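Work through the exercises below with the sequence and the structure at hand. Each task is followed by a solution in steps.

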Amino acid sequence: MNLIEYIGRPSTADETTLTLKAFLDDEVFFKRPPSVDPAQPINPDTVANWTLEAKHMGDSIVLVFYTSQTNPRLGDEFAGLPLRECLQLSFGFPGVDGIALVNQTMS
């Protein structure tokens, strides 16, 4: 199973966040500002200076990352980081409670 398949399947009652451990090296994607040079290397420190997509989910605020680089919501300007770095990145944003991983159907 890959990360896209994992996100797309229904959750189970006994599931824990440790299930994501198998996918920590998988790349996830986010919108990149058009003003940023595409040749610029991507790392969590530079990402923190960009405006990432944030959404309200209930009472929580989450950063949105896409599990497929072909997701039409990303457009042509996007960048990617391993899931591990995106999880760490969420702790560096004041007021952000976590991250949301979505597939093309926004599951």
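**Exercise 1.** Locate Asn-103 relative to the strands, and decide whether Asn-103 is buried or exposed.

Step 1. Asn-103 sits in the segment that follows β5 (98–102). Helices (H or I, at least four residues) and strands (E, at least two) are DSSP runs, numbered from the N terminus.

Step 2. The relative accessible area of Asn-103 is 9%, so Asn-103 is buried. Buried means under 20% relative accessible area, exposed over 50%, and partly exposed in between (1.4 Å probe, protein chains only).

Step 3. With residues up to four places away in sequence left out, Asn-103 touches Ile-4, Ile-7, Gly-8, Thr-67 and Asn-71. Contact means heavy atoms within 4.5 Å.

The model is predicted: local features need pLDDT of at least 70, side-chain atom pairs count only at pLDDT 80 or more, and totals for chains, interfaces and linings use all residues. Residues are numbered from 1 along each chain as its sequence is written, and side-chain values use heavy atoms, with hydrogens and water left out.

**Exercise 2.** How many salt bridges does the structure hold, and which parts of the chain does the pair Asp-25 and Arg-84 tie together?

Step 1. The structure holds 3 salt bridges. A salt bridge is a side-chain nitrogen of Lys or Arg within 4 Å of a carboxyl oxygen of Asp or Glu.

Step 2. One of them joins the side chains of Asp-25 and Arg-84, at 2.6 Å from N to O. Asp-25 lies in the loop between α1 (3–8) and β1 (27–31) and Arg-84 in helix α3 (residues 83–90), so the pair ties together parts 59 residues apart in sequence.

Step 3. Asp-25 is exposed, with a relative accessible area of 60%, whereas Arg-84 is partly exposed at 36% relative accessibility.

**Exercise 3.** Trace the salt bridges of Glu-53 and state which residues form one network.

Step 1. Glu-53 forms a salt bridge with Lys-31, where the closest N and O atoms are 4.0 Å apart. This pair links distant parts of the chain, 22 residues apart: Glu-53 is in the loop between α2 (44–47) and β2 (54–57), and Lys-31 is in strand β1.

Step 2. Glu-53 counts as buried at 16% relative accessibility, while Lys-31 counts as partly exposed at 36%.

Step 3. The side chains of Glu-53 and Lys-55 also meet in a salt bridge, 3.6 Å from N to O. Salt bridges with shared partners therefore join Lys-31, Glu-53 and Lys-55 into one network.
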